[in-house]
Amino acid sequence: MTSNTPKTRGTMNLTNSTIQLSTKPTSDLSYTFSPGTPTTITLVVFLNGLILPKSSWQSTIIATQIKCLENNILQPHLLSYDRYGQGDSDAHPNGAHDISDVVADLQTFLTTFCEQKLHSALSASNIVLVCNSIGCAIARLYCASHPSTNISGLIFLDSIMAHVDLVSLWPDVDAPGFDKSTLPEGTTVKEIKSVREQYKQRFHVSAPNPENLDRSNLAQLLPQAGSPKLQGNPFLTIVGHDAETFAEENEVSVFVLATKRQSVKY
């Protein structure tokens, strides 16, 4: 009974709701919120990748709640949300849009959320951004665009290489003059072509996505891998993947993307 108490309390302490932004009043954004200790001023915001919705963070949120309860740690506010076109949120009212628009929406969302739900100004909160994949690029642009926001921490998971065409990471075996002898031993031309095509379908900036996010200017918005610079004396931790777990999660994301493609018209 004792061991189940934190999990039950954590699960019950999640609120799912929607919010409308003043800039896009006809469309709802869906969010999940776990209020922290009443005295906390820390708001942890989870930023999704291109494929997985806010629900993918739920186990992390619940695990954080349990950790805080079991160790008598003050819990921060925990907030995840679906961008327009993701998960339970409405489609973007303007259709195709770019990451600059997403960053502007994030600022309006956080400002509105703090005022309506925390009854305080955004400037009164210490913001920690926990990001996955393209969510990391969104966070980088957000920090650069809104330096006055109190960003007290960043956690990047599988950060996208925004300045690089991921397809070109694999050799073009059909290019004139390609020497197949340069391939690693045991690697075939057919395998390279297959992987390159899969990367093109999933990661190229022209590949469609459920949120109708135009990524064609991403390299121009974030041309350098090392910018914007973190200020002060940041504490940096780099964690590697567990290979088997990453493979399993990747299979799930591929299934989600395939399902989305069947149900969404671009």
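Is tryptophan 170 buried, partly exposed or exposed? With a relative accessibility of 28%, tryptophan 170 counts as partly exposed; buried means under 20% relative accessible area, exposed over 50%, and partly exposed in between, with a 1.4 Å probe and protein chains only.

The model is predicted, with local features requiring pLDDT of at least 70 and side-chain atom pairs pLDDT 80 or more, while totals for chains, interfaces and linings use all residues. Residues are numbered from 1 along each chain as its sequence is written, and side-chain values use heavy atoms, leaving out hydrogens and water.

**The whole chain**

Buried residues make up 37% of the 266 residues. Among contacts with a separation of 6 or more, 72% join residues 24 or more positions apart, where contact means heavy atoms within 4.5 Å.

**Aromatic pairs**

The structure holds seven aromatic pairs. Rings of Phe, Tyr and Trp (its six-membered ring) pair if their centres lie within 6.5 Å; planes under 30 degrees apart count as stacked, over 60 as edge-to-face and the rest as tilted.

Select phenylalanine 109 and phenylalanine 113. Their ring centres are 6.1 Å apart and their planes stand at 45 degrees, so the pair is tilted. Both residues lie in helix α3 (residues 99-118), four residues apart, about one turn of the helix. Phenylalanine 109 is buried, at a relative accessible area of 0%, and phenylalanine 113 is buried with a relative accessibility of 0%.

Next, select tryptophan 170 and tyrosine 199. This aromatic pair is edge-to-face, with 5.6 Å from centre to centre and 65 degrees between the planes. The pair links distant parts of the chain, 29 residues apart: tryptophan 170 is in the loop between β7 (151-157) and α5 (189-203), and tyrosine 199 is in helix α5. Tyrosine 199 counts as partly exposed, at 26% relative accessibility.

**Helices α3 and α4**

Display α3 together with helix α4 (residues 134-145). Their axes come within 9 Å and cross at roughly 70 degrees; axes are lines fitted to C-alpha atoms, for helices over the stretch in contact, with angles from 0 to 180 degrees between N-to-C directions. The two helices are therefore roughly perpendicular, on a scale where under 35 degrees is roughly parallel, over 145 roughly antiparallel, 65 to 115 roughly perpendicular and the rest oblique.

To see the contact, select Ile99, Val102, Val103, Leu106, Gln107 and Leu110 in α3, which meet Ile134, Ile138, Leu141, Tyr142 and Ser145 in α4. By class, this contact has nine nonpolar, two polar and no charged residues. Here Ala, Val, Leu, Ile, Met, Phe, Trp, Tyr, Cys and Pro count as nonpolar, Asp, Glu, Lys and Arg as charged, and the others, Gly among them, as polar.

**The nonpolar cores**

A nonpolar core is a set of buried Ala, Val, Leu, Ile, Met, Phe, Trp, Tyr and Cys residues joined through side-chain atoms within 4.5 Å. Select Leu47, Leu79, Phe109 and Leu110: of the 37 residues in the largest nonpolar core, these touch the most other members. The elements giving two or more residues to this core are β1 (15-21), β2 (24-34), β3 (42-47), β4 (77-81), α3, β6 (126-132) and α4. Helix α3 gives the most, with nine residues. Another core, of ten residues, lies apart from the largest one and includes Val44, Phe46, Trp57 and Ile61.

Centre the view on leucine 47. Leaving aside neighbours within four places in sequence, its contacts include Trp57, Tyr81, Leu106, Leu129 and Ile138.

**Further stops**

Move to phenylalanine 156, which lies in strand β7 and is partly exposed at 33% relative accessibility. Beyond neighbours within four places in sequence, phenylalanine 156 is in contact with Cys131, Cys136, Ala139 and Arg140.

Finish with two asparagines. Asparagine 72 has a positive phi of about 55 degrees although it is not a glycine; its place is the loop between α2 (58-70) and β4, and at 73% relative accessibility it counts as exposed. Asparagine 212, likewise not a glycine, has a positive phi of about 60 degrees. Asparagine 212 belongs to the loop between α5 and β8 (213-214) and is partly exposed, with a relative accessible area of 37%.
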